[in-house]
Every structure is written in C-alpha cells, then in structure tokens.
Amino acid sequence: MVAHTIGVIALQAGAARRVIDTQPTRARDALGEIETASRETLSGLRRMLGALRRPGDDTDAEPAPLEPGPGLSNVDRLAESTAAAGVTIDVQWHGAQRRLPPDVDMSAFRIIQEAVTNVVRHANTKSCKVSIDCQDTEVSVEISDSGHRSAHSAAGGSGLGLLGMRERVDLLGGDFSAGPLPQGGFRVAARLPVPAGVR
C-alpha cells in the first residue's frame with residue numbers, strides 16, 4: 001500500500017512540475033491527488049498500527065479504533081487520480097454491486113490498484129479497461145491494456161507487484177493469472193470466492 005502511494009505521489013508530482021507554469025489548474029489537481037493519496041495511506045497505516053498495538057498489562061488503554069479499509073467503492077476515485085496521471089480507465093461493472101466481506105472487497109480493490117499502477121508505469125498507453133463482475137459466489141476482476149512494454153516490464157518488472165496480487169488471491173482461495181495478450185498489451189485477472197456464510 002505504501003509503495004503504491006509513493007509511486008502515485010511521484011507520478012503526480014512529476015506531472016505537476018511539468019505543467020505548473022503552463023497549466024496551473026492541472027498542477028493544482030495533481031497536488032490535490034497527492035494530498036488525498038497521502039492522507040489515505042496515513043489513515044491506513046494508523047489502522048494497521050491500531051490493529052497491531054495491544055494494551056500493556058499495566059494499562060487499561062484500548063487499541064486504536066479501526067476504520068473500514070478501501071474497497072471496490074473506491075474504484076471511481078482511483079480512476080480519477082489515474083486520469084490526472086494521464087491514463088484513462090474504462091470501468092465496467094457486471095452483476096449487482098453489493099456489500100462484500102471486507103477481506104474480499106479490499107483485496108479486489110488492491111489488485112485493481114496495483115494492476116492500474118503497472119499500466120501507468122510500464123504500458124506506454126493512455127487507457128486501460130477494468131472489468132468487475134460481482135456474483136453471489138465470487139467476485140472477478142480483470143484489468144487489460146493494449147500498451148507496449150519492454151521485455152523487463154512485460155515480465156512484471158521486479159515481480160513484486162504481481163507476486164503481491166497472487167498472494168492476496170491465494171490467501172482467499174481464488175484464481176489468478178497475469179500475462180501478455182496475443183494481440184499486444186497485458187491482462188491481469190483474479191477470481192475471489194465469497195464464503196458461503198457471508199453471501
């Protein structure tokens with residue numbers, strides 16, 4: 001999460017620096033996205049620290065309250081911030097948008113977030129497509145683009161982003177795939193089952 005936010009901040013700061021003299025409105029928008037991303041990440045870190053912190057034996061202090069993490073409801077905001085960085089996201093919803101278990105909801109969003117970040121960094125394209133399919137028993141997400149990557153980035157760069165996505169999916173017992181498309185571009189797809197007890 002922190003690595004993603006720092007990447008977004010770096011992209012937005014670079015965009016603001018390039019246009020601050022000629023397009024001050026765009027620079028102001030980029031600075032606003034930097035502020036939003038920073039605050040959201042700080043909030044997430046505080047939640048994590050609150051979850052990890054335990055009251056000592058000699059104190060009656062309570063752990064810090066937890067707020068809900070980001071989920072699929074944040075996809076539109078992600079699309080806005082990515083558009084400010086120069087890449088338009090076409091978001092397509094299928095099935096009924098509904099409340100999901102927090103771990104499934106957050107993992108689906110984080111997979112989209114990381115895949116879109118990879119598009120911005122590596123795909124050399126101005127657009128990508130995000131498809132979200134919410135069914136009773138599972139949630140599927142697919143992120144695809146028609147960009148052109150270098151051999152290194154097409155293989156996933158350092159591989160940590162794809163590895164993190166795969167780990168999230170494995171923890172939830174789902175299916176994950178990522179790789180180049182035959183016609184060019186790249187596709188990331190994940191299927192996350194919704195446990196029967198919380199459907």
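Predicted model: local features only at pLDDT ≥ 70, side-chain atom pairs only at ≥ 80, totals over all residues.
The protein contains six helices and five strands. Read from the N terminus, these elements follow the order α-α-α-β-α-β-β-α-α-β-β. The chain has 199 residues, of which 40% count as buried. Among contacts between residues at least 6 apart in sequence, 65% join residues at least 24 apart.

Beyond the helix comes Asn 124, which has a positive phi near 50°.

A search of the whole structure returns two cavities of 30 Å³ or more. The largest cavity holds about 90 Å³ of space. Eleven residues line this largest cavity, and those closest to its centre are Val 8, Thr 82, Ala 85, Thr 117 and Val 120. Two or more lining residues come from each of α1 (2–19), α3 (75–84) and α4. Helix α1 makes the biggest contribution to the lining of the largest cavity, with four residues. By residue class, the lining of the largest cavity has six nonpolar and five polar residues, and no charged ones.

The second largest cavity holds about 40 Å³ of space. Its lining is made up of Ala 115, Asn 118, Val 119, Ile 143, Asp 145, Arg 149, Leu 162, Phe 186 and Val 188. Here the elements that supply two or more residues are α4, β3 and β5. Helix α4 has the largest share of this lining, with three residues.

How many salt bridges does a search of the whole structure find? The search gives three. In one of them, Glu 138 pairs with Arg 191, and the closest N and O atoms lie 3.2 Å apart. Glu 138 belongs to strand β3 (residues 138–145) and Arg 191 to strand β5 (residues 186–193), so this pair ties together parts that are 53 residues apart in sequence. Glu 138 is partly exposed, at a relative accessible area of 23%. Arg 191 is likewise partly exposed, with a value of 24%.

A further salt bridge joins Glu 142 to Arg 187, with 3.3 Å between the closest N and O atoms. This pair also links distant parts of the chain, as Glu 142 sits in strand β3 and Arg 187 in strand β5, 45 residues apart. Glu 142 counts as partly exposed at 30% relative accessibility, and Arg 187 counts as partly exposed at 29%.

The remaining bridge brings Arg 191 back into the picture, this time with Asp 175, where the closest N and O atoms are 2.7 Å apart. Distant parts of the chain are linked here too: Arg 191 is in strand β5 and Asp 175 in strand β4 (residues 175–180), 16 residues apart. Asp 175 has a relative accessibility of 44% and counts as partly exposed; the cut-offs behind that label are under 20% for buried and over 50% for exposed. Taken together, Glu 138, Asp 175 and Arg 191 are linked in a network of salt bridges.

How values were computed. Residues numbered from 1 in each chain as written. Heavy atoms only, no water. Salt bridge = Lys/Arg side-chain N within 4 Å of Asp/Glu carboxyl O. Buried < 20%, exposed > 50% of the residue type's maximum accessible area, 1.4 Å probe, protein only. 1 Å grid on protein atoms, 1.4 Å probe; cavity = no way out; pocket = protein on both sides within 12 Å on 5 of 7 lines; lining within 4 Å. Points joined across faces, edges and corners; volume = space filled by probe spheres on them. Nonpolar A, V, L, I, M, F, W, Y, C, P; charged D, E, K, R; others polar. Contact = heavy atoms within 4.5 Å.
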